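Trainee: Could we walk through this model together, one question at a time?
Mentor: Gladly, let's have a look.

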Amino acid sequence: MPKRTDIKRILLIGSGPIVIGQACEFDYSGSQAARALRKEGYEVILVNSNPATIMTDPITADRVYLQELTPESIRRIVEKERPDAVLPTMGGQTALNLAAQLHEEGFWEAMGVEIIGVDIEAIQVTEDRQRFRDLMEQIGIDQARSRTARSLLEAKEILQELGGLPVVIRPSFTLGGTGGGIVWTMEEFDRKVTRGLELSPVHQVLIEESVYGWKEYELELLRDANDNVIIICSIENFDPMGIHTGDSVTVAPAQTLTDKQYQRMRDAAIKMMRSIGKFAGGCNVQFAVEPHTGRMIAVEINPRMSRSSALASKATGYPIAKVAARLAVGYTLDELPNDVTGTTSACFEPSIDYVVVKIPRWNFEKFEGVDEELTTQMKAVGEVMAIGRTFPEALQKAWQSLENGYAGLGGDREDPTREEVRARLKKPYWDRTLQIRNAFRLGASVEEIHDITYIDPWFLYQIEDIVKIERELERRTLDQLDADFLRLVKQYGFSDVQIAYLLQGNVSEEDVRARRKALGITPTFQLVDTCAAEFPAQTPYYYSTYETENESEVTDHEKVIILGAGPNRIGQGIEFDYCCVHGVLAAKEMGYETIMINCNPETVSTDFDVADKLYFEPVFWERVLDIIEHENRHGKLKGVIVQLGGQTALKLARKLHEHGIPILGTSFPMMDLAEERSKFSALLRELEIPYPPYGAARTVVEAVEVAERIGYPILIRPSYVLGGQGMRIAINKEEVERYVRNILKLLPDNEILLDLFLENGIEVDVDAACDGEEVWIAGIMQHIEPAGVHSGDSTAVLPPFSLSEEVLNTIRRYTEDIARRLQVVGLINVQMVVKDNVVYVIEANPRASRTMPFVAKATGVPVAKIGTQLMLGRKLREFREAGLLESKLRGYAIKEPVFSWDKFPEVPKELGPEMKSTGEAIAFVETLTDEHFRRPYAIRNLYLSR
Amino acid sequence: MIPLLHPTPDPCKLALADGTVVTGIAIGHRGETGGELCFNTSMTGYQEILTDPSYYGQIMMMTYPHIGNYGVMDIDMEAARPMVAGLVVRAFSHRYSNRLADGSLEDWMRRYELVGISGVDTRRLVRHIRTKGVMNAVISSIDLDDEHLVEKARRLPSMNGLELASYVMTEQPYDFCTGPGPRIAVFDYGCKLNILRMFQARDCTVRVFPGYTPLNEVMAWEPDGLFFSNGPGDPRAMPQAIEQVRAAIRTGLPLFGICLGHQLMALALGFKVYKMYVGHRGANHPVKNLRTGRVEVTTQNHGFAVEAESVDPREAEVSHINLNDQTVEGLRFKSFAGLSVQYHPEASPGPHDSRYLFDEFLELVAAHRPATTPQLARV
């Protein structure tokens, strides 16, 4: 069936602010869907409250509503826009739930709006545990066995039936599953059952077979209106059942299933999808497999785009969201081409000839007192994906992508002690893959590690092989590295940093690189082609490995490389991906060949049709340099953009500079001047700009001296960190001692900065751009919360609501002076505090800021694009003359932080200099009497702590 | 090479007839082997592929890098022994993980004296074949002289015009299973076991005859339907089998052919079969059923195909096409009751989307059987 012509206008619902469990993967799916639908000639109406998204850009949709995601706002938009259809599968559970709720009210029907891409019935069945169970039973799909007990005696009978401990106890009808959980011992069983029977208002408990430790799998499905179903990707969880899949290390494709097992799973998945409705769209199905018997049970099914479908898209190259959107408007799979090959059909199942590893990224250090054990409740804030020809290579590359100081899976620092490893391995923690490697280093066997972790031995063998290579490296000196062995080492994903550390003698990363190149061992770049090279492919999507043939052809064009922001984390999230995507588009517009380097599978920047070339690679020095050297072989490298990818990209500026690689825009020495506190203070003094008295220290004693000199309260922070990590406000000497000791424990050898804390000051954020001469202020934001609450956690109002014109002029003048003095070419963000009408400058970041997408959305000015084009030589004058710098904002725009407190019930809700919010929403208000302003204003001091 | 990761790191070489030589590590049996180098893109099911008689005489290169992960299991055999001439992989798993497995792939290869090579850049070789076309190759861990090996590869006979079925077909007729359902006679040119299991699951009585058994001997068994199996080699080099199919058509019994059997049926009607440049080998090929409009994801393993233009519309209609290259994937015959497909509806390895074809064949058989025979329940 060709596309439908009876619908013309489609409403697409986004997923709102980023929270743990629902992150920027929905910007990826939403913008892909919106672009696909527009290309088909449909009018796309988009609603989302998250300003830091590409999907809410004018480039993505015909009309964008930056409004909150509530039934009321959707109703208002629908009444105004009168769409023919609504596509709710691209915005996570938020969008699905909204669609379901409005359906129950009869709203869609009353408005004549058709739901496409999913059936309401499917949403309901998959959200209702009991209905799902019943349905699965009806279609003959096995599930975890269970039975209800009314007494302890009956419970014991059931226990016997289920084959003994462990089992899961679920008291019936208790709020939020109170009193439930897995039990491992008889004592625990007796206690939990008795207590459960008491707690349950109907005095019943469900005794359920435990699937803890079973192997866990996911399949990604697509179906068209003709009921053709294809499986895009299989994913095997390295971490077995018991850890949320969002917190699990996962691998694609499945590694340890025989074909018969895999096909049985495929059949079951298709049957399950068919049982929940006839809709054309995507589904994610999860299974658990008992390793001894091979028994397979269904865990859940999600009839929408998901975190896993984003991963599956990036892992295979198959654009799932785009195809799902086209299926939703009536196309069938056999009518669509495979965009990757351009010559074959989209109706097929991708085959890959590499291994993909995803590792989640957590931010536990942000939450004091948090329980770091990984459970069925997701805690990760982001993830990285790595592609390698083999599992060990992909695993090491994933560790290089995490950007937490590691250069691979260990082997770059002293090993922890036996006791530490034992304690750490007992329970699943974020660094489990590393602790397994450590255990092998200490002589543990595959059996021992399997007994503790239940991880499939095949994966453990692979890690053991990595350790065997480490041992061989330790026996050799640099000169003893022969080509064959070094190639093998590189094929196992080791970075030059790891090799340098492991070799005998004092060897540097540069020494290893030089030796490697002398031996002719350089990476090759292979294509992600959906078909294991069976057909030629056209998409320029590459990964690096150490093979014998290079597939990334270098053109003669002038090139711009854009460094991405890596994994999402608190303080550096989707905002920077937004900036990168705009950077790419802006450079493309000016005729450059754009090359994107990033490793975050949830992003739009890693969509293969954004940049001219995509390298799905760690934003890790060695890998970045490899790509630069490769691309530098022909044509001209105009330069590398480091201003858009947050601190991740900026951190590589020094090395780029040292290697003589051109950095676009603001020069490295000037960036360094802004980053280096003492130099920057000198600059402020020179410009006669006030700043809070400060001092620097390297020891606790020094810190106390500085604090006593400056006075209290005092702000303490490590240098070169992100999102205020480790930042505290101390009110006396004892606190200074304690905080500084903690920081030095976490970040040894770090310089500690101490600033006088301007109590009850008003915090101001300024985003600006400069072409080296002229400065343009894109937006000034006044925070509602007092200084002391991290700017990322503050409610920011644009334009300022209570600053005098005189103060504002000072702010503008200081911004201009600093930008000019730093010879900024591109973007700059300045943070200030206003106290008693004195404006103090706290810091200046010569790069795109977290608030830039908000400013762009609030004012309607494409700030990221302007910033990028300035870096590439354009002048502000050109934009001004074209009228592009004019703000379209009427009234106020408010940036509201959004937190994920519910994921960490043990952590008290407190705000301080350390950022804790995971996302943000935008609200447009006409006057300050609006609730969006009044509510945060009323409680502005409530949560401030240290 | 690297003793630390391989229990016995013997060097090994793979030489192609065009002069390409790559070095790796020997896996399985130490020795030398030769054949046409082909590849398969299926990510699971290596054991089924290695035992598929259609691959007889070919060197199998798996595009998925990790092979051997889950060991081997008796139930995954598609024939009594491996059928490929050799195995090429990127990263061989000496150690496997699967509680239900009967042993490691390494031991299994040694037991059946199957020669293989690991640690080579399979992707480059696939791209090489894709551009240059399939060619013969030699794997050796006993002769490591490049020139010798290339010369040996060059001397191997071309698959073009090669009859191979007689090497893999059963020597004696045997009964595979008995059931209350129709009696199916199988002409074995190298039949995969899972095809027989498909008939078994549908209650059939199945007798397997050597492919070249004279038709009257087969008819003496009083079959209700005739099946022409898959198998290796060039169908154009099998005039005897083509003649047999013609005779079978004259019996009026319903006929079903898979892969080589499909090609033989096409040739029997005067259609043309050609050798493909690369062939289709994988478990992800989309096939459209033109009668229903539905698409099935199929297992494919063929280097020859029926020429679409040569299909006489009076004799047959093209019932299935490949969505990637529009080649003929299935025929439904008009002058007699019968169907044939180029791909493998029995899968193993591969998706189970196409099993309905066995039901369709058995429907033809049921419709043809005398009314006295009781009708059977479908599986």
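Trainee: Which residue in β30(A) is the bridge partner of Ile762(A)?
Mentor: A word of care to begin with: this is a predicted model. Strand β27, residues 762-771 of chain A, runs antiparallel to β30(A), and 10 bridges join the two. Within that pairing, the partner of Ile762(A) in β30(A) is Val834(A).

Trainee: Which residue in the turn between β30(A) and β31(A) has a positive phi?
Mentor: These two strands form a hairpin, with two residues between them. The turn residue to check has a phi of about 50°, and that residue is Asp836(A).

Trainee: How many residues of strand β30 of chain A are buried?
Mentor: The strand covers residues 825-835, and it is mostly covered. Counting a residue as buried when 20 or more other C-beta atoms lie within 10 Å of its own, the tally for β30 is 10 of its 11 residues.

Trainee: Moving to the contact between the chains, which helix supplies the largest share of the side of chain A that touches chain B?
Mentor: In that contact, 50 residues of chain A meet 46 residues of chain B. Elements of chain A that each supply at least two residues to this side are α9 (259-275), α16 (457-474) and α17 (483-491). The largest share is seven residues, and they come from α16(A).

Trainee: Inside chain B, how far apart are the C-alpha centres of domain 1 and domain 2?
Mentor: The domain assignment gives domain 1 of chain B as 11-155 and domain 2 of chain B as 165-368. Their C-alpha centres lie apart by 27 Å.

Trainee: Which strand gives the largest share of the side of domain 1 of chain B that touches domain 2 of chain B?
Mentor: The contact takes 23 residues from domain 1 of chain B and 23 residues from domain 2 of chain B. On the domain 1 side, β3 (32-40), α1 (46-50) and α3 (122-132) of chain B each supply at least two residues. The largest share, three residues, comes from β3(B).

Conventions. Residues are numbered from 1 along each chain as its sequence is written. Chains are lettered from A and ligands numbered from 1 in the order in which they are written. This is a predicted model: local features need pLDDT of at least 70, side-chain atom pairs count only at pLDDT 80 or more; totals for chains, interfaces and linings use all residues. Two residues are in contact if their C-beta atoms, placed from the backbone, lie within 7 Å. Helices (H or I, at least four residues) and strands (E, at least two) are DSSP runs, numbered from the N terminus. Domain bounds come from an automatic or database domain assignment. A residue is buried if 20 or more other C-beta atoms lie within 10 Å of its own, exposed if 12 or fewer, and partly exposed in between; C-beta atoms are placed from the backbone. Two strands pair if DSSP finds at least two bridges between them.
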